[in-house]
Amino acid sequence: ETWDAYDVDRIPTGKSVIRGAKHPEGLYHMVVHIAIFSTDGRLLIQQRCTQKATFPEKWDVTVGGSALSGETSRQAMHRELREELGIDIDFSDIRPRLTANFEDGFDDYYIVVKDIALSSLRFQAEEVMDARWVTLDEVMSMIDSGAFVFCGAYSPKLKVTDRHFRADRVGQRPSIALFDIYYNTSCSFLK
């Protein structure tokens with residue numbers, strides 16, 4: 001895969017970076033994630049397939065992936081969601097609710113409220129092996145047990161000790177911050 005390269009201010013450089021190759025100093029790429037919440041506040045999560053190079057068999061937010069060359073954040077999110085779970089959502093009026101910086105790039109997090117039947121999902125075999133709806137308490141238990149992809153995977157010294165999370169505390173993987181955004185706002189922007 002080839003990705004567009006951006007500078008530190010997220011301005012396209014006209015250069016590219018290759019998946020798996022070390023990024024040249026000062027070049028970054030774009031990643032997108034989506035958290036789909038049901039109308040009763042549960043999060044749709046997916047289990048990464050056994051063959052994944054990173055975090056195999058771990059549970060993660062609904063969908064995530066890197067933007068391919070020429071894609072905008074919204075286009076990448078639409079493609080990733082359709083490819084991995086077979087869900088088709090129009091992102092033309094949806095903006096990321098959170099952007100987190102990580103060592104090699106920018107990670108846009110989208111939040112959508114939509115009731116989706118698990119039976120309607122179509123898994124991309126090389127990416128996803130299962131999906132389910134979970135509560136915040138279930139995600140917390142999964143993090144504590146090591147079953148959920150969390151920033152602790154990047155920073156082993158971080159221990160989940162309470163239920164109050166902020167984006168600055170969750171570092172490179174602000175999955176739990178998405179629950180904060182969902183639960184601690186009026187959510188009018190989600191409807």
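The following paragraphs lead the reader through one protein chain, from its overall plan to selected residues.

The structure is a predicted model, in which local features need pLDDT of at least 70 and side-chain atom pairs count only at pLDDT 80 or more, while totals for chains, interfaces and linings use all residues. Residues are numbered from 1 along each chain as its sequence is written, and side-chain values use heavy atoms, with hydrogens and water left out.

The secondary structure comprises 3 helices and 9 strands. Helices (H or I, at least four residues) and strands (E, at least two) are DSSP runs numbered from the N terminus. Read from that end, the order of elements is β-β-β-β-β-β-α-β-β-β-α-α. The chain has 191 residues, of which 47% are buried. Here, buried means under 20% relative accessible area, exposed means over 50%, and partly exposed lies in between, for a 1.4 Å probe and protein chains only. Contact means heavy atoms within 4.5 Å. Among contacts between residues at least 6 apart in sequence, 58% join residues at least 24 apart.

The interior may be described through its nonpolar cores. A nonpolar core is a set of buried Ala, Val, Leu, Ile, Met, Phe, Trp, Tyr and Cys residues joined through side-chain atoms within 4.5 Å. The largest one contains 25 residues, and those touching the most other members are Ile 34, Ile 36, Leu 44, Leu 81, Ile 87, Ile 89 and Phe 91. Two or more residues of this core come from each of β3, α1, β8 (105–113) and β9 (128–134). A second, separate core has 12 residues, including Ile 45, Trp 59, Ile 111 and Val 134.

Tyr 110 lies in strand β8. Tyr 110 counts as buried because its relative accessible area is 0%. Beyond its neighbours within four places in sequence, Tyr 110 is in contact with several residues, among them Val 32, Ile 34, Met 77, Phe 91 and Arg 95. The C-alpha atoms of Tyr 110 and Arg 95 are separated by 6.7 Å, although the two residues are 15 residues apart along the chain.

Rolling a probe the size of a water molecule over the atoms shows where empty space is left. On a 1 Å grid over the protein atoms alone, a pocket is an open set of points with protein on both sides within 12 Å along at least five of seven lines, whereas a cavity is a set of points where a 1.4 Å probe fits but cannot get out; lining residues have an atom within 4 Å of a point. Grid points are joined across faces, edges and corners, and a volume is the space filled by probe spheres set on the points. The largest pocket has a volume of about 1000 Å³. Its lining consists of 38 residues, and the closest to its centre are Trp 3, Arg 19, Val 31, Thr 54 and Ser 66. At least two lining residues come from each of β3 (29–37), β4, β6 (63–66) and α1 (73–85). By class, the lining has 10 nonpolar, 12 polar and 16 charged residues; Ala, Val, Leu, Ile, Met, Phe, Trp, Tyr, Cys and Pro count as nonpolar, Asp, Glu, Lys and Arg as charged, and the others, Gly among them, as polar.

His 29 is classed as buried because its relative accessibility is 5%.

Lys 52 lies between β4 and β5, and is buried because its relative accessibility is 15%. The side chains of Lys 52 and Glu 127 form a polar contact of 2.8 Å. Phe 55 is found in the loop between β4 (43–48) and β5 (59–60), and has a positive phi of about 55° although it is not a glycine. Phe 55 counts as partly exposed because its relative accessible area is 21%.

Conventions:
Polar contact = N/O pair within 3.5 Å; in protein donor to acceptor, adjacent residues only side chain to side chain.
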